[in-house]
Amino acid sequence: MDETLNHKFNGAGSVVLGRIKEVYPQWFGAVGDDTVDCTDAINKALASIVRGQIFFIKGNYKTTSTILVPKMITMKGVGNVAGIDPAVTSGSTIHGVHTGAAVISLKGALVNCLEDISIWGDATTTPKTGLLLGRSSGASAGRHFFKNINISGHFTVAAIYSIASEENSWYGLLANVLGGGAKYTLYSSDADNLSVDSLVTSSNFDS
């Protein structure tokens, strides 16, 4: 492996990085082999920067709880998965193996970018949704940019769930529900529902 991708930071402390082009979850212990749990490594990478980029090299990144992305963070990979099996990886995949609210959550966040990444819901231990968007308070949430995103697999509610997330831009989106009981590929509403983690439907469902 490239030495720039070595595991650099260990222990229970926190890391705060200054001016830096991009951060790799491998620095915090991630291994994109779909076996090692990368949840803690990804969360530590996200916490280490402000207004920066997390770069995912090719691989399957197993996660066992929701990844909550702070505002103004970019998550970029090397391409989304063309097929329907996360084991056949042509790019960067975040694989949710849990029953939580979402694989990736932008709840309450502003000005995020997700690019060239796949989000996959596990067939056996199935998350509610792949990508969760919405408010966590009365403040606005949204203004995100999504490019070449593949959200596929098994979900119990929807591949994408969005409540009161505003002014988002989408380019090259593929969303597909293969199982898990989800009723929607995209669930969207403009209701000011501040309890997005419950993933309940609203009276003004519009997508």
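Trainee: What share of the contacts in the chain with a separation of 6 or more comes from residues 24 or more positions apart?

Mentor: Such residues account for 71% of those contacts, a contact being heavy atoms within 4.5 Å. This is a predicted model, in which local features need pLDDT of at least 70 and side-chain atom pairs count only at pLDDT 80 or more, whereas totals for chains, interfaces and linings use all residues. Residues are numbered from 1 along each chain as its sequence is written, and side-chain values use heavy atoms, with hydrogens and water left out.

Trainee: Which elements does the chain have?

Mentor: The chain has one helix and 13 strands; helices (H or I, at least four residues) and strands (E, at least two) are DSSP runs, numbered from the N terminus.

Trainee: Why is a set of residues called a nonpolar core?

Mentor: The name applies because its members are buried Ala, Val, Leu, Ile, Met, Phe, Trp, Tyr and Cys residues joined through side-chain atoms within 4.5 Å. Buried means under 20% relative accessible area with a 1.4 Å probe, protein chains only. The largest such core has 37 residues, with Ile104, Leu114 and Leu131 making the most contacts inside it. Helix H1 (39-47) and strand S8 (113-121) are among the elements that give it two or more residues, and H1 supplies the largest share, four residues.

Trainee: Which residues does Leu114 touch?

Mentor: Leaving aside residues up to four places away in sequence, the partners of Leu114 include Met75, Ile104, Leu131 and Phe145. Another core, of 10 residues, lies apart from the largest one and includes Ala158 and Tyr187.

Trainee: How much of the chain counts as buried?

Mentor: Of its 207 residues, 49% do.

Notes
Buried means under 20% relative accessible area, exposed over 50%, partly exposed in between (1.4 Å probe, protein chains only).
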